[in-house]
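Welcome! Please open the sequence and the model side by side, and try each exercise before reading its solution.

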Amino acid sequence: MSVSFLDLKSVNNEMNAELKEACARVIDSGWYISGSELKTFEKSFADYCGAKYCLGVANGLDALTLTLRAWKEMGKLKDGDEVIVPANTYIASVLAVTENKLVPVFVEPDERTYNLDPKLIKDKMTSKTKAILPVHLYGQLAAMPEIMKIAQDHGLLVLEDSAQAHGASIDGKRAGNWGDASGFSFYPGKNLGALGDAGAMTTNDGNLADVIDHLRNYGSKIKYKNEFKGVNSRLDEIQAAMLSVKLKYLMAQTERRRDIAETYMKGITNSQILLPKVEARENHVWHLFVVRTANREKLVEHLTKNQIQTLIHYPIPPHKQAAYKEYYDLSIPLTEKIHQEVLSLPIGPTMSEAEVQLVIQAVNSF
Ligand SMILES: *Cc1c(COP(=O)(O)O)cnc(C)c1O
């Protein structure tokens, strides 16, 4: 038996008939962009997050980029303003900042949750700091009560990167409803994944929602009347229809991921493996199950021999990428160590109990 990292075909197979039916409905409708499928999905996803507004866009990166862009259009941010971002994140979080001519200020994470350490934020703040961009990395909500308190005390905007954390919550309040706005990705491999590219932003601010509604469509809401220099970033009807089907299954799939994570946490006893820290079951939706070891290459080799596929999220931090040469000389030691040691084990919602046990045995026999 071999265990694949994430079997998307089996994830989607559970709802195969419904997806095909929804697809046929869109084909037969003759309406493919900005129609009723989008409206329906936006309404259900806003409700899911507990937010007032949801606006579909082409992908997760655009959701983040357009939100910062909208704040510039609204006069809340300007070129050169600084944005606090976790140093250990997927590069998209940082690209959204630099694309807007804003300056990323990298902050180290908490060593066990891998999320932005709120205690380190104040030291990095200057008179130019205008926003915080916490990332709910691997599916665990960042320390949002503490982060929101800092933001309120200093008048900072908060944009959540919720691309990995659909449905994660603290005290019943979900990702997408903590900050001033939040960006989601529906990339196929995300917990809520389309059958292609898609993304959305959520907010409780009606003015912000209105600006994004323009920006995603050439800066225009009324045809041929352009209020802003916008872009083309829309969530297609067909993907919206797929997402409406898949949203109905998200809760059950998330519970399955949580069960697998609990089984891993109890079952993995190898002292060479550092397990993730989770504050409470509801905080984490386990987009990824990430362990750490000083001997990562050997562990990958051992698991591969045991037919278990693993991935690394992520091998190189943003400040060490060729794209960000200007930050190469920064020393961010914990982040750099984390990137050398992390390894993601399979945690797909359709994994069988036997597959989960196989992973545990293989990790323990390392
Ligand atoms: C996937 C991801 C994004 C970008 O989403 P896309 O839909 O691929 O553009 C942004 N941030 C994080 C943390 C992600 O994991």
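Two exercises with worked solutions follow.

This is a predicted model, in which local features need pLDDT of at least 70, side-chain atom pairs count only at pLDDT 80 or more, and totals for chains, interfaces and linings use all residues. Residues are numbered from 1 along each chain as its sequence is written, and side-chain values use heavy atoms, with hydrogens and water left out.

**Exercise 1.** Find where R234 lies and which side chains it meets in polar contacts.

*Solution.* 
Step 1: Locate the loop between β11 (225-226) and α8 (237-267); R234 lies there. Helices (H or I, at least four residues) and strands (E, at least two) are DSSP runs, numbered from the N terminus.
Step 2: Leave aside neighbours within four places in sequence; R234 is then in contact (heavy atoms within 4.5 Å) with I33, S34, V57, A58, R216, N217 and Y218.
Step 3: Look for polar contacts, meaning a pair of N or O atoms within 3.5 Å; within protein, one must be able to donate a hydrogen and the other to accept it, and residues adjacent in sequence count only if both atoms are side-chain atoms. The side chain of R234 reaches that of N217 at 2.7 Å and that of N232 at 3.5 Å.
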